[in-house]
Amino acid sequence: MEDEVFTISEYIDLVNKGLEEFSVKIIGEVGKVDVGPSGHVYFSLRDEKDQSVINCIIWAGRYKMYGMKLEEGVKIIAYGCPSIYKASGKLSFLAETIQPAGEGELKKKYEELKVRLEREGIFAESEKRPIPNYVQRVGVITSKQGAVWSDFLSNVGKHGFKIKLIDSRVEGAEAILDLLSAIKMFKKQDIEVLVIMRGGGSFESLQAFNNELLVREVAGFPVPVIAAIGHDKDAPLISLAADREVSTPSIATVALNESWDRAALLIEKQERKIMSEYGQNLEDTINIINASAEVVKEYSDSVMHAYETIRHGLIVSMQNFKNQLINIGKNISISRQSIFSGFRNLALKTGQQLNNSEAVVFSNNPERHLKLGYSIAKLNDKIVKDIDNVSIGDVLNLIVSDGEIISEVKNINKINQNK
Amino acid sequence: MPDDTKNLNTNLKRLSEITKWFDNQEEVDVEEGLKKVKEAVGLIKISKSRLKEIENEFEEIKKEIELDNDKQTSP
């Protein structure tokens, strides 16, 4: 490195880098103050004891951020490191933060700012916004290292919160930068409530929370802000500007939980009410059903009775019909038998009649009598039936089976029939 | 023979008349009696044949009726 040749600018950069290791807080009384056209402030700090002086610079942006006016004779604490200003080659203390030194001074600044902001209505109760019910998306600004964060986490309820933390320094004037940056980041994010937290501390250690820029950011934040900053007497101005001021992280969680807890209680109450009403309705319904069932049963019984009557009637009718059919069958059978037997009798009678006729005809057949030896005597073509019809000498015609015999009456004898 | 000899009823009536004629005959009229006998014999022959036919026809009808009856009463 000894052989290396640097340009002046390179060398100043190298030295300035080395000088960053001398970052410290220094305390002194403000000497001459000179504000440049760009807003950067050039001032000197003088040691109270031996009047040692160091030239200081604070850039315009930072100066505005800390909200205090550098005036000759004011005692301040500045945090920063030495640095060579390239344009002049002078060594100056580059202040990153400035704050009044001594509680009296701080208090005075605090009271002044408080009054001014109060007049503007920044702390007005009418401007406070309620914490929305059932919030879920929560932004938290605090130091991840401290007990505050773990206290918050252990107390926040299990209500489906989506909590996003932006880690920030919370101690001293240096915290202002982190806090402002965190607030700006959360402005762009979709959250429903912002919680800014810090544990308790001395008035001096809480100075960042009295920063005007921060107070204005909190007052104008698009969603309600809860400030949980521990303090004794004088509340940090951020707490006064916040929509809800609480003293501890656990109380901050109460603010987040309360609507959920209320809802849970309400649900439980409604649940009990519903169960009670449901039970009553159920009982009423059961009673109605039982009554209806009784009516239905009675109706059903009457229907069943009517059905049984009809069924019985139907069975009787069917049986009667069946009997009628059987009777008809029997009658048909009887009629058939009668017809059959009647016809047989008729046929038999007819046959007998024919036989009788045949017998009569047979017995009356003259040829039969003649063949048996009988003959018919005729006189003058008249049949001779007794002796009175003839006289001796008459010529008779005797008809026999195969011809006629002419005979003369020789004698007439009367047969005594009384013998 | 007239056509109505096929009618059994008519024949029976005629035969009845002939038998009555024989029963009422006081004088023997051999010729007429013979005629009646011949007519009666013919009528009896035809009537017996017709009666047989009718009986056969009846038996056929009876068989048919009994067959129908068996069909109706069987399961």
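**View 1. Chain B contains two helices and zero strands.** Helices (H or I, at least four residues) and strands (E, at least two) are DSSP runs, numbered from the N terminus. Of the 75 residues in chain B, 17% are buried. A residue is buried if 20 or more other C-beta atoms lie within 10 Å of its own, exposed if 12 or fewer, and partly exposed in between, with C-beta atoms placed from the backbone. This is a predicted model, in which local features need pLDDT of at least 70 and side-chain atom pairs count only at pLDDT 80 or more, while totals for chains, interfaces and linings use all residues. Residues are numbered from 1 along each chain as its sequence is written, and chains are lettered from A and ligands numbered from 1 in the order in which they are written.

**View 2. Chain A has nine helices and 14 strands.** Buried residues are 22% of the 419 residues of chain A. Among the contacts in chain A with a separation of 6 or more, 61% join residues 24 or more positions apart. Two residues are in contact if their C-beta atoms, placed from the backbone, lie within 7 Å.

**View 3. Five strands of chain A close into a barrel with mixed pairing.** The strand order is β1-β2-β3-β5-β4. On average, neighbouring strands of this sheet are turned by 55° against each other, direction ignored. Two strands pair if DSSP finds at least two bridges between them. Strand β1 (residues 24-35) of chain A pairs with strand β4 (residues 75-85) of chain A in the antiparallel sense over six bridges; A:I26 has A:A78 in β4(A) as its bridge partner. Strand β3 (residues 53-58) of chain A and strand β5 (residues 90-100) of chain A are paired in the parallel sense, over two bridges, and A:L94 in β5(A) is the bridge partner of A:I57.

**View 4. β4(A) and β5(A) form a hairpin with four residues between the strands.** The two strands run antiparallel and are joined by 10 bridges. A:Y85 stands opposite A:K90 in β5(A). In this hairpin, A:G89 takes a positive phi near 75°.

**View 5. Helix α5 (residues 175-187) of chain A packs with helix α6 (residues 212-219) of chain A at an angle of about 20°.** Their axes are 10 Å apart. That makes α5(A) roughly parallel to α6(A), a class for angles under 35 degrees. Axes are lines fitted to C-alpha atoms, for helices over the stretch in contact, and angles run from 0 to 180 degrees between N-to-C directions. A:I176, A:L179, A:L180 and A:I183 of α5(A) meet A:L213, A:L214 and A:E217 of α6(A). By class, this contact has six nonpolar residues, no polar residues and one charged residue. Ala, Val, Leu, Ile, Met, Phe, Trp, Tyr, Cys and Pro count as nonpolar, Asp, Glu, Lys and Arg as charged, and the others, Gly among them, as polar.

**View 6. The contact between the chains takes 18 residues from chain A and 22 residues from chain B.** On the chain A side, α8 (249-364) and α9 (366-371) each supply at least two residues. The largest share of that side, 13 residues, comes from α8(A). The chain A residues touching chain B divide into nine nonpolar, six polar and three charged.

**View 7. α8(A) packs with helix α1 (residues 8-24) of chain B at an angle of about 35°, with axes 10 Å apart.** Residues of α8(A) in this contact include A:T350, A:Q353 and A:V360; those of α1(B) include B:L8, B:L12 and B:F22. The contact of α8(A) with α1(B) has seven nonpolar, five polar and no charged residues.

Definitions and conventions: Angles under 35 degrees count as roughly parallel, over 145 as roughly antiparallel, 65 to 115 as roughly perpendicular and the rest as oblique.
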